[in-house]
Structures are given as C-alpha cells and as structure tokens.
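Reader: I have a model open and want to go through it piece by piece. Can you take my questions as they come?

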Amino acid sequence: MPKRGRERWRDPAYTCRDCEAYYASYSQEERERRVQTSCRHRSEHRPAPRTPPGFWSIDFPTSPEILASGMMIDATNEPLPPLTEEQKRRRRMKRKRRLDFLETEKKKKEVKEKEKKEEKEKQEDI
C-alpha cells in the first residue's frame, strides 16, 4: 500500500533527471535542503534508472557526438590516406562476389518457380 500524506514526507527525497537540471543552479548544501523540503519524489529506496541516457535516440549520432562520447578516437583529425591499388582491387572483387552471389540466388529462385509451375501443369493434365 503506498504511503500517503505525512508518512510519505518522512521518506528521503531524490531527484529525477528533470529535477536535477532544475536544482543544478543551487549550491550543494542549498540543493540538498531544497530537495528534502520540496521535492515530491520520495521513497525508502531510490528506483534504479530505467534506461541509459540516449537509449531511445533512434537517429545516427553525428561525428562530433561520437567523438564526445568516446566511442571513436580521433586524435589527429587528419583525412584518411587514399586507397592503394591493391585495396581498390580487393574492394572491387568483394563487390563483384556479392553481386554474383545475388545473381545466383535470383537464378535459383527463378528455376524453383519454373519447376513448381511445370509440376503444377503436370498435375492439372492428370
């Protein structure tokens, strides 16, 4: 059963992300005092955070955001060196293999469809 009225105000207060932004302008002592006297978030135990910050952001982060978060290290900020002829050749071959694979899969599918169609015609003739 949830606590009500004076019982609820006896529990320690805590701040959510939005409250934290509001109380950030106060000094540490003043912040603690104000949180305990006016904050409505109260419970015997502070709840665990539901999701990490940025979890629900569905956009791809920009390069500056990635650098700021530490997911990518770019100490030099220099452009990448141009590809060598060998690297270019390998990329072309990889792309060609991928396209060949897709074409063979497409042909296999067409052959299966043709076989099904022929089998269906044979059954109709019987």
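Author: What follows is a talk through the model, starting with its source and then taking its features in turn.

Reader: What kind of model is it, and what cut-offs apply?
Author: This is a predicted model, in which local features need pLDDT of at least 70 and side-chain atom pairs count only at pLDDT 80 or more, while totals for chains, interfaces and linings use all residues. Residues are numbered from 1 along each chain as its sequence is written, and side-chain values use heavy atoms, with hydrogens and water left out.

Reader: Which residues does UniProt list for the domain?
Author: An unreviewed UniProt entry lists residues 27-63 for "domain: DNA endonuclease activator Ctp1 C-terminal". UniProt positions are given in the numbering used here, feature names are shortened, and annotations may be inferred rather than shown by experiment.

Reader: How far apart are the ends of residues 27-63, and how much of the span is helix?
Author: The end C-alpha atoms are 34 Å apart, and the span is 32% helix and 0% strand. Helices (H or I, at least four residues) and strands (E, at least two) are DSSP runs, numbered from the N terminus.

Reader: How many salt bridges are there?
Author: The count is seven. A salt bridge here is a side-chain nitrogen of Lys or Arg within 4 Å of a carboxyl oxygen of Asp or Glu.

Reader: Start with E30. What does E30 pair with?
Author: E30 forms a salt bridge with R34, at 2.9 Å from N to O. The two are separated by about one helical turn because they are four residues apart in helix α3 (residues 28-38).

Reader: Buried or exposed, those two?
Author: E30 counts as partly exposed because its relative accessibility is 23%. R34 is partly exposed too, with a relative accessible area of 30%. The classes are buried under 20% relative accessible area, exposed over 50%, and partly exposed in between (1.4 Å probe, protein chains only).

Reader: What about E86?
Author: E86 forms a salt bridge with R90, with the closest N and O atoms 3.2 Å apart. E86 and R90 are both in helix α5, four residues apart, about one turn of the helix. E86 is partly exposed, with a relative accessible area of 36%, and R90 is exposed at 56%. Back with E30, salt bridges that share partners join E30, R33 and R34 into one network.

Reader: Change of topic. Which residues make the patch of positive charge?
Author: R91, R92, K94, R95, R97 and R98 gather in that surface patch. K94 is in helix α5 and counts as exposed because its relative accessibility is 54%.

Reader: How is a patch defined?
Author: Patches are made of residues with over 30% relative accessible area and no salt bridge; like charges are joined within 9 Å, and nonpolar side chains (Val, Leu, Ile, Met, Phe, Trp, Tyr) within 5 Å. Lys and Arg count as positive and Asp and Glu as negative, with His and the chain ends not counted. The place of a charge is NZ of Lys, CZ of Arg, CG of Asp or CD of Glu.

Reader: Which residues form the negative patch?
Author: E115, E118, E119, E121, E124 and D125 gather there on the surface. E119, for one, lies in helix α5.

Reader: What makes up the nonpolar patch?
Author: L67, M71 and M72 make a nonpolar surface patch of about 290 Å². Accessible areas come from the Shrake-Rupley method with a 1.4 Å probe, and for residues, only the protein chains shown count as cover. M72 lies in the loop between α4 (63-69) and α5 (85-125), and is partly exposed because its relative accessibility is 37%.
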